[in-house]
Amino acid sequence: MASPPPRVSLATLPTRLERLDRTSALLGLDLWVKRDDLTGAALSGNKVRKLEYLCGEARSPAIDADTLITCGAVTSNHCRATAVAAATLGLSSHLLLRGSEPAVPDGNLLLGRLVGAETTFIDPVAWPERAERMEAIAVALRAQGRRPYVIPEGGSNAVGAWGYREAARELREQAERLGLDLAQVWHATGSGGTTAGLALGFAGTSVEVCGVAVCDDAAYFDAVIEGLVAPQDPRARWRIVDGYQGAGYGRTTPEDIAFYGYVAKREGLILDPVYTGKAFRALVLEAAAGRVPRDRSVVFLHTGGIYGLFSFAEAFASPS
Ligand SMILES: Cc1ncc(COP(=O)(O)O)c(C=O)c1O
């Protein structure tokens, strides 16, 4: 896909690039944060950039979808963003959610429901069949005369990756204006699309794209990302940073919670325990170990996730 697919405007762009003065001084880095947590309010985080292209394709005359179908965890940011994007564009949405229905929805699920998403909950053991389950929902909708469009988990396919290919261009322009010599861009990797898009956007440059695996491992993500980027640009490079999955996907520890509180107080940055918290912690620990360049600028891409935080209210209430 050499030229960008159709796009609808959903995100507030460009997002800000801000220097983290206190953390830079602490770690001896020139550390900046790209505020993709500020792509919007209900429609915020990294998924919005992908959804601009996915919704662009869904609304193209050839498809003319009236319903978006996608899947993720019960607390998924991607599902919430898809539901809000659908409502914003006058479409319906149907979310296939991994886990059981909570008695009282909060965070992302609450917002998804508020904008009218239909939900189907499935047992985690059936998750490997998620593509087939979404297709079954699509078949049922087509039988009713509806026009569904299926978005894969995390919006991570060749179309969605365009969001971060373009974000890389935006970041390069900002860095150029500020006179920064970018060395690395750190971010959370959950389904691989953000890393793939950045790798494409920075292909052929000296910027290293560092994706911190929040689940699975480097071998898994390398295969996923290779599948997305290789057909588009064989020069694309990335590095999956392994070993910071901590207690596992969506799990946290009192030490993690204390770290997120520390960053919030020190920089006013709100990190979520599932994605951005793990990625930022990895960056800080790798920097403390002397494995992050000090003579060039480093960017942390804040990918959002604030609503996921509310599912951890109890952990934050008693951090130790
Ligand atoms: C807040 C947040 N950050 C990062 C990611 C990871 O992005 P990707 O799925 O493109 O790897 C996600 C994915 O759900 C997310 O919700």
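This is a predicted model: local features need pLDDT of at least 70, side-chain atom pairs count only at pLDDT 80 or more; totals for chains, interfaces and linings use all residues.
A residue is called buried here if 20 or more other C-beta atoms lie within 10 Å of its own.

Helix α10 covers residues 276-288. In this helix, Thr-276, Gly-277, Lys-278, Ala-279, Phe-280, Ala-282, Leu-283, Val-284 and Ala-287 are buried. The elements that cover these buried residues include two helices, α1 (21-27) and α9 (254-267). Strands also contribute to the cover, among them β7 (182-189), β8 (208-213), β9 (239-241) and β10 (297-302). Just after the helix, Gly-290 adopts a positive phi of about 80 degrees.

Residues up to four places away in sequence aside, Leu-283 touches Trp-186, Val-292 and Phe-300. The largest nonpolar core has 87 residues, and those that touch the most other members are Trp-186, Ala-199, Val-212 and Leu-283. Helix α6 (residues 158-178) gives the most to this core, contributing seven residues. At least three residues of the core come from each of domain 1 (17-45 + 157-317) and domain 2 (47-155). In soluble globular proteins, nonpolar side chains tend to be buried together.

Domain 1 comprises 17-45 + 157-317, and domain 2 comprises 47-155. Their centres, taken over C-alpha atoms, are separated by 25 Å. Where the two meet, 23 residues of domain 1 are in contact with 24 residues of domain 2. On the domain 1 side of this contact, α6 gives the most, with six residues.

Four strands form it in the order β5-β4-β3-β6, and their pairing is parallel. Its edge strands, β5 (118-122) and β6 (148-150), each pair on one side only. From one strand to the next, the twist averages 25 degrees. Within the sheet, strand β3 (residues 67-73) and strand β4 (residues 92-98) pair in the parallel sense over seven bridges. Ile-69 has His-94 in β4 as its bridge partner. Strands of a sheet pair through backbone hydrogen bonds, either parallel or antiparallel.

Note on methods
Residues are numbered from 1 along each chain as its sequence is written. The expected span of a helix is 1.5 Å times one less than its number of residues. A residue is buried if 20 or more other C-beta atoms lie within 10 Å of its own, exposed if 12 or fewer, and partly exposed in between; C-beta atoms are placed from the backbone. Two residues are in contact if their C-beta atoms, placed from the backbone, lie within 7 Å. A nonpolar core is a set of buried Ala, Val, Leu, Ile, Met, Phe, Trp, Tyr and Cys residues joined through C-beta atoms within 7 Å. Domain bounds come from an automatic or database domain assignment. Two strands pair if DSSP finds at least two bridges between them. Axes are lines fitted to C-alpha atoms, for helices over the stretch in contact, and angles run from 0 to 180 degrees between N-to-C directions.
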